[in-house]
Amino acid sequence: MKSINYNEKTKVFTLRTKNSMYQMQVVEYETLVHLYYGADIGDTEASHRIVCLDRGFSGNPYEAGADRTFSLDVLPQEYSGYGNGDYRINGIEVGHEDGSDAVHLRYESYRTSKGKYSLEGLPCMFGTEDEAETLDITLYDRITDLKVHLLYGVFYDLDVITRAVRLENKGEDTVTIQRAMSMEMDYTNKHMDLIHFYGRHTMERLTERLPLHHGVQSVESKRGMSSHQHNPFVILCDKMTSEKHGDCFGFALAYSGNYRCEIEVDQMEQTRLVMGIHPYHFSFRLNTGDVFETPEVIMAYSDCGLGKLSRIYHDAYRSNLIRSKYVTSPRPILVNNWEATYFDFDEEKLFNIAKAAKDIGLDMFVLDDGWFGKRNTDDSGLGDWVVNEEKIKGGLPKLVKKINAIGMKFGIWIEPEMVSEDSGLYREHPDWVLKIPQRSLMRSRHQLNLDITRKEVRDHVMKQIFRVLDSCKVDYVKWDMNRSVGNVYSAALPSERQGEVYHRYVLGVYEMMEQLVSRYPDLLFENCCGGGGRFDAGMLYYSPQIWCSDNTDAIDRLKIQYGTSFGYPISTMGAHVSVCPNHQTGRTTPFETRAVVASAGTFGYELDLEHLSSEEKEMARKQISEYKEMEHLVQTGDYYRLSDPYRNHDYVVWQFVSKDKKETVVNGVQLRNEANPHIHLIYLEGLEPEAHYEDEKTGYVYTGAALMKAGIPLPVGVGDYQPIQFKFRMS
Ligand code: GLA
């Protein structure tokens, strides 16, 4: 495999994956221009796409002399510096000691190596010498000797190219990075739509598709976390692109803090996208010899529509981002006590839920918030990671032993980044929180962010947590984060480094998580941030699953999980069957429907199982065995969105197909029933057209082509919110 090629004569770099190609070229004045990203165009070098004309009010570099046609303002570039006559959004901006802030990047050299580069303290895709190649292009600024390494990880088989930037201060003076985006992508005259995933707490990753407009548009978070409000994954696509057809490009930032994706359509109808750490409240000082690495952007291209793009991300994350040993192995199916008890429990109540869980065939009991310190409500106890023996008499080891003795695994909830004012930790170390001098504290859910930019704070918290995890057999940890980062100021940093706090906070989180997963390699680790407030590729490097949303309503979940599926594998979405009327919406849906929706994720329960009727218990047993039968499809199969919940208000349907195409499951929900109903046909995907498939329920045999082209009718339901379930096996 040779996926990176440099033509010495033409100075064109060509990166190639199975179905995509990426080209750039060194042109006049050591300028690195971007030529092309898209479908494979064979051995053509796309230099012909660069047409230079004299453009009014677009400056020319001094060395261009009388040539008024060479202007950085209109050239597609690979990574542009600020202050050189490129008036568009730029990749990098740095402050110098003399107060100036220009940086003019010129091509210096390149290196290739086998395997994938890594980033210090940051999550990123990994790849062996057989899986990936790295290209490291060095640009430099003549005046300050700042080196800018553009890093490209090329995964040929996965159809993925990753990007990141490493800055190295080789000069004598300190430079202050004010903006260092992870990548820049220029498109020549392409009229595209932006698809992004916005929302709020309990309604995350809703889908919006908008035409790009002239000027700058952005998707971003300034909350210190990737956020419920905007997910750090965007798609640019052609106007006609649909699920099955058309060009589209994905950009996923593997980072869990403040970020910004800016897209500018310029005066020449060119589109530039930059993505990386948000420049808001960001600066990072580099002394001589210091290095700074940006987070990684994972890019993918599909010429067969959005469905294929999603499947590229699903495969890439499962094989080369998520490190957990559980990524493709069966995960224990759990019951979580949060919606069953909230803070109100004792050891007997917990054990009874665990017993009821065992009775219906579940594998693990998860003890959520409220087990530690003086945590009877959400205004106290965070930071005191010591069991509350008033609630759990005899402590955790005793309870866990009892739970293990009935054949159940045990998992626990923690929230290490936070502290309550009413806690031993805060009373002892009030200076360990983020706090702006002289200003009063901004609370959220009554809690404060610990200053985890400080090593002593991180170590103190993790030591306490490790003590708990070492005291009994813990098979699973849910790591929560229940407020945005606020009061952004660290008492441990000098004033000129306060712009580093947000980023250092994220590095602190990653370091703590790294400690956890390396100390307990067998632990099943789930991330959470008030549900899906930190649902990003960065977190998936540490945990194979993330609690998708605090909203467990099956009908709301249809849109939440639909949106999440564009950028993230289905097996990463924590999804539980909860009680009705639902605690977030008050809606009542059939028990089977709740299970069908939760089966499109890491399945579990979150309700008081003691109160299930015997009929419901029987149904739950069936749901669990059905999930176990299809779990391998969720974890390793291909996923197809067969309907769009924003356009189709009658039903939502999705499909899993095994990689060998021998099995397929079609699940969904019929949203509303109508009198004298229409017959809705659904069309399957991804099957072998000539093979025969048997419907497990009816025994009917169809060709793959029939299922895909002639379709199958949805059942005519009775009542709203009815489940849809089909299973076909190659016969
Ligand atoms: C967050 C989580 C919930 C639950 C509560 C506990 O909101 O998303 O699942 O753990 O915290 O406080």
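How many bridges join strand 5 to strand 10? Four bridges join them, and the two strands run antiparallel. Two strands count as paired if DSSP finds at least two bridges between them.

This is a predicted model, in which local features need pLDDT of at least 70 and side-chain atom pairs count only at pLDDT 80 or more, while totals for chains, interfaces and linings use all residues. Residues are numbered from 1 along each chain as its sequence is written, and side-chain values use heavy atoms, with hydrogens and water left out.

Stay with strand 10, which covers residues 175–187. Twelve of its 13 residues are buried, so strand 10 is largely enclosed by the rest of the structure. Buried means under 20% relative accessible area, exposed means over 50%, and partly exposed lies in between (1.4 Å probe, protein chains only).

A salt bridge is a side-chain nitrogen of Lys or Arg within 4 Å of a carboxyl oxygen of Asp or Glu. A search of the whole structure finds 55 of them.

Now go to the start of the chain. Strand 2 (residues 12–17) and strand 3 run antiparallel, joined by six bridges. They form a hairpin with two residues between them. Phe 13 stands opposite Met 24 of strand 3. Strand 3 spans residues 20–27 and is mostly covered, with seven of its eight residues buried. Strand 4 (residues 31–38) is joined to strand 3 by seven bridges, and these two strands also run antiparallel. Met 24 stands opposite His 34 in strand 4. The hairpin of strand 3 and strand 4 has three residues between the strands, and in it Tyr 29 takes a positive phi near 55°. In a regular strand the side chains alternate between the two faces of the sheet.

Which parts does the salt bridge of Arg 16 and Asp 40 tie together? The closest N and O atoms of this pair are 3.1 Å apart. Arg 16 lies in strand 2 and Asp 40 in the loop between strand 4 and strand 5 (92–95), so the pair ties together parts that are 24 residues apart in sequence. Arg 16 is partly exposed, at 27% relative accessible area. Asp 40 is partly exposed too, at 37%.

The loop between strand 4 and strand 5 also holds Glu 63. Glu 63 forms a salt bridge with Arg 106, with 2.9 Å between the closest N and O atoms. Arg 106 lies in strand 6 (residues 106–114), so this pair ties together parts that are 43 residues apart in sequence. Arg 106 is buried, at 7% relative accessible area. Glu 63 is partly exposed, at 34%.

Asp 459 and Lys 455 meet at 2.8 Å, N to O. They are four residues apart in helix 6 (residues 455–471), separated by about one helical turn. Asp 459 is partly exposed at 28% relative accessibility, and so is Lys 455 at 47%.

Of the 13 residues around it, Asp 368, Asp 369, Lys 478, Asp 480 and Asp 550 come nearest; a residue is near a molecule if one of its heavy atoms lies within 4 Å of it. The shell has four nonpolar, three polar and six charged residues. Ala, Val, Leu, Ile, Met, Phe, Trp, Tyr, Cys and Pro count as nonpolar, Asp, Glu, Lys and Arg as charged, and the others, Gly among them, as polar. An oxygen atom of the ligand is 2.6 Å from a side-chain N or O atom of Asp 368. For Arg 445, a side-chain N or O atom is 2.9 Å from a ligand oxygen. For Asn 482, that distance is 3.0 Å. Taken alone, the ligand exposes 310 Å², and the protein buries 96% of that. Accessible areas come from the Shrake-Rupley method with a 1.4 Å probe.

How values were computed:
Polar contact = N/O pair within 3.5 Å; in protein donor to acceptor, adjacent residues only side chain to side chain.
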